[in-house]
Amino acid sequence: MDKNIRILIVDDFSTMRRIVKNLLHDLGYANTAEADDGKTAWAALQTGHFDLVVTDWNMPGMTGLDLLKNVRADARMATLKVLMVTAEAQRDQIIEAAKCGVNGYIIKPFTAVTLKEKLDKIAQRTVGAAA
Amino acid sequence: MNAPAASAPQSQPDDAVLYAGVARLTRSLHDGLRQLGLDARLAQAAGSDMPDACKRLDLVVQMTEDAAHRTLDLVDEGRAVADSLADMRTCLARLHSSPGPVNGGELLGTITAAEDAETRLRATLTALAQAQEYQDLSGQVIRRVITLVRNTEGALLELLGDALQSMPQPPISSAADELPGPALPGMQAADQGDADRLLASLGF
């Protein structure tokens with residue numbers, strides 16, 4: 001994936017945002033911004049261009065799933081990829097996220113290797129779709 | 001509009017019986033609670049223990065967040081040490097490959113830089129170990145809250161008594177629309193491999 005893509009990291013815990021940001025930087029993705037819940041993320045998506053959203057699910061205000069639904073309902077964000085990074089590990093939830101159009105699902109706690117795998121997979125699919 | 005007035009005298013005796021019955025039950029419940037000491041225990045739990053427990057758990061959240069940030073700060077310091085080690089490696093490689101006698105001043109400067117990096121790394125590792133002390137403190141707080149929850153649970157079970165056994169099923173543990181959150185030991189939940197296989201079966 002192009003390392004210059006603009007990534008929005010969404011999590012209500014500042015430590016998790018920092019960990020994700022550090023891991024992304026280690027993988028070469030330095031163009032990141034942060035939001036502390038779905039609402040602030042949605043506002044950021046309205047005003048700035050992003051290529052990828054890495055979001056938690058369970059957050060006050062607006063959940064990551066509602067953020068995903070909003071993104072998928074907005075034609076302007078048709079190419080925006082959404083990677084869910086969450087502690088929600090029930091089968092039903094994973095299926096629900098898939099039905100809502102998530103591009104990847106990572107269960108917390110996770111490793112740098114898993115994050116890289118999912119980013120690579122999203123990149124492969126993006127290239128495949130464009131070809 | 002006389003109809004309601006005409007029906008009122010008929011319902012009054014029933015109401016009076018009902019009110020008397022409720023009053024009797026309330027008195028009986030109150031007496032029972034007082035005899036068992038349950039009212040005092042429950043009042044204590046609801047009035048002060050629970051709010052206190054919430055404050056303590058808020059403190060745990062803050063404590064763990066502070067410790068995580070402190071740890072991440074120290075990791076950043078560790079990265080800076082790694083960067084200076086890389087500089088030393090470059091310098092030593094250059095000295096090694098340069099023709100003629102070794103530049104003593106540059107070599108000494110590298111040795112000094114290595115000493116400095118060693119000192120910084122040791123201090124960072126010590127601070128990293130110290131930053132884990134939150135586990136002891138937060139663990140103590142959480143244990144106190146567990147004791148409170150167990151005591152309250154005991155008082156509620158005594159209060160419910162036989163009624164609990166006749167219940168068709170145990171009470172629902174959480175609201176239906178609440179997310180399950182992190183998986184607990186023994187809880188059925190997917191790991192990353194399960195999630196990957198499930199998504200693959202859905203065409204992801």
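**The interface and beyond**

Reply: This is a predicted model. Between chain A and chain B about 2,200 Å² is buried, with carbon and sulfur atoms giving 58% of that area.

Me: Which three residues supply more than any other three of the area that chain A buries against chain B?
Reply: The contact draws 27 residues from chain A and 26 residues from chain B. A trio in chain A supplies 24% of the area this chain buries against chain B. The three are Thr15(A), Arg18(A) and Gln90(A).

Me: With which residue does Arg18(A) form a salt bridge?
Reply: The count between chain A and chain B is 4 salt bridges. For the one made by Arg18(A), the closest N and O atoms are 2.6 Å apart, inside the 4 Å cut-off. The partner is Asp73(B).

Me: Which element gives the largest share of the side of chain A that touches chain B?
Reply: Across this interface, 12 residue pairs are in polar contact, both residues at pLDDT 80 or more. On the side of chain A, the elements giving two or more residues are α1 (14–26), α4 (91–99), β5 (104–107) and α5 (112–130). The largest share is 6 residues, and it comes from α1(A).

Me: How many charged residues does the side of chain A that touches chain B have?
Reply: Sort that side by class. It has 12 nonpolar and 8 polar residues. The charged residues number 7.

Me: Which residue of chain A pairs with Arg79(B) in a salt bridge?
Reply: A search of the whole structure finds 17 salt bridges over all chains. In the one with Arg79(B), the closest N and O atoms are 2.8 Å apart. The pair crosses between chains, from helix α2 (residues 38–97) of chain B to helix α1 of chain A. The residue at the chain A end is Asp26(A).

Me: Which helix gives the largest share of the nonpolar patch?
Reply: The patch covers about 430 Å² of surface and is made by Leu92(B), Val102(B), Leu107(B), Leu108(B) and Ile111(B). Leu107(B) sits in helix α3 of chain B. The largest share, 3 residues, comes from this helix, residues 104–130: α3 of chain B.

Me: Which residue does a cis peptide bond join to Lys108(A)?
Reply: Omega is about -5° at this bond.

How values were computed: Residues numbered from 1 in each chain as written. Chains lettered and ligands numbered in written order. Predicted model: local features only at pLDDT ≥ 70, side-chain atom pairs only at ≥ 80, totals over all residues. Heavy atoms only, no water. Contact = heavy atoms within 4.5 Å. Buried area = accessible area lost by both parts, 1.4 Å probe. Salt bridge = Lys/Arg side-chain N within 4 Å of Asp/Glu carboxyl O. Polar contact = N/O pair within 3.5 Å; in protein donor to acceptor, adjacent residues only side chain to side chain. Helix = DSSP H or I, 4+ residues; strand = E, 2+ residues; numbered from the N terminus. Nonpolar A, V, L, I, M, F, W, Y, C, P; charged D, E, K, R; others polar. Patch = residues over 30% accessible without salt bridge, like charges linked within 9 Å, V, L, I, M, F, W, Y side chains within 5 Å. Areas by Shrake-Rupley, 256 points an atom, 1.4 Å probe, with all protein chains shown as cover.
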